[in-house]
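Reader: I am new to this structure and would like to learn how to read it. Please take one feature at a time.

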Amino acid sequence: MSAEGFKKSMMGMFETAKKGAAQASEATTVAAKKAKLMSEIKWLESKLKSRKEKFGVDVYDSLINNEHGEVDRILSLCKAELEELKQEIMEKQGQLDLLRANA
């Protein structure tokens, strides 16, 4: 093999290694993004469950005392918060689905 052939061979190996490293880096970045989104979704789902539990505590006395106006007020506030959390979960899930589809 000539010096020129050897040089081309080495350059080809270097380019192949460089491409492999870039692909590995991209795969690691995507995996990290997926893990972050999954963690955020779990956290939001936990927050959703906690808010539902808090609703029960908040509304209990008003229910016992037949304070229907207060029950409606508490329900409206809770429903708005739950809808916001559900929307955040759907957005994060959409981002996660997109990452999975492009992987």
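**Reading the salt bridges and the core**

Author: The structure holds nine salt bridges, each a side-chain nitrogen of Lys or Arg within 4 Å of a carboxyl oxygen of Asp or Glu. This is a predicted model, in which local features need pLDDT of at least 70, side-chain atom pairs count only at pLDDT 80 or more, and totals for chains, interfaces and linings use all residues. Residues are numbered from 1 along each chain as its sequence is written, and side-chain values use heavy atoms, leaving out hydrogens and water.

Reader: Why can Lys49 and Glu53 meet in a salt bridge?

Author: Side chains of opposite charge can pair when their charged atoms come close. An α-helix has 3.6 residues a turn, so residues three or four places apart point the same way. Lys49 and Glu53 are four residues apart in helix α1, about one helical turn, and their N to O distance is 3.1 Å. Helices here are DSSP runs (H or I, at least four residues), numbered from the N terminus.

Reader: Which residues are linked in a network of salt bridges?

Author: Arg51, Lys54, Asp58 and Glu81. Within it, the closest N and O atoms of Lys54 and Asp58 are 2.9 Å apart.

Reader: Which residues make up the largest nonpolar core?

Author: In soluble globular proteins, nonpolar side chains tend to be buried together. A nonpolar core is a set of buried Ala, Val, Leu, Ile, Met, Phe, Trp, Tyr and Cys residues joined through side-chain atoms within 4.5 Å; buried means under 20% relative accessible area (1.4 Å probe, protein chains only). The largest has 11 residues, including Val30, Leu48 and Leu99. α2 (68–102) gives the most, six residues.

Key. Buried < 20%, exposed > 50% of the residue type's maximum accessible area, 1.4 Å probe, protein only. Helix = DSSP H or I, 4+ residues; strand = E, 2+ residues; numbered from the N terminus.
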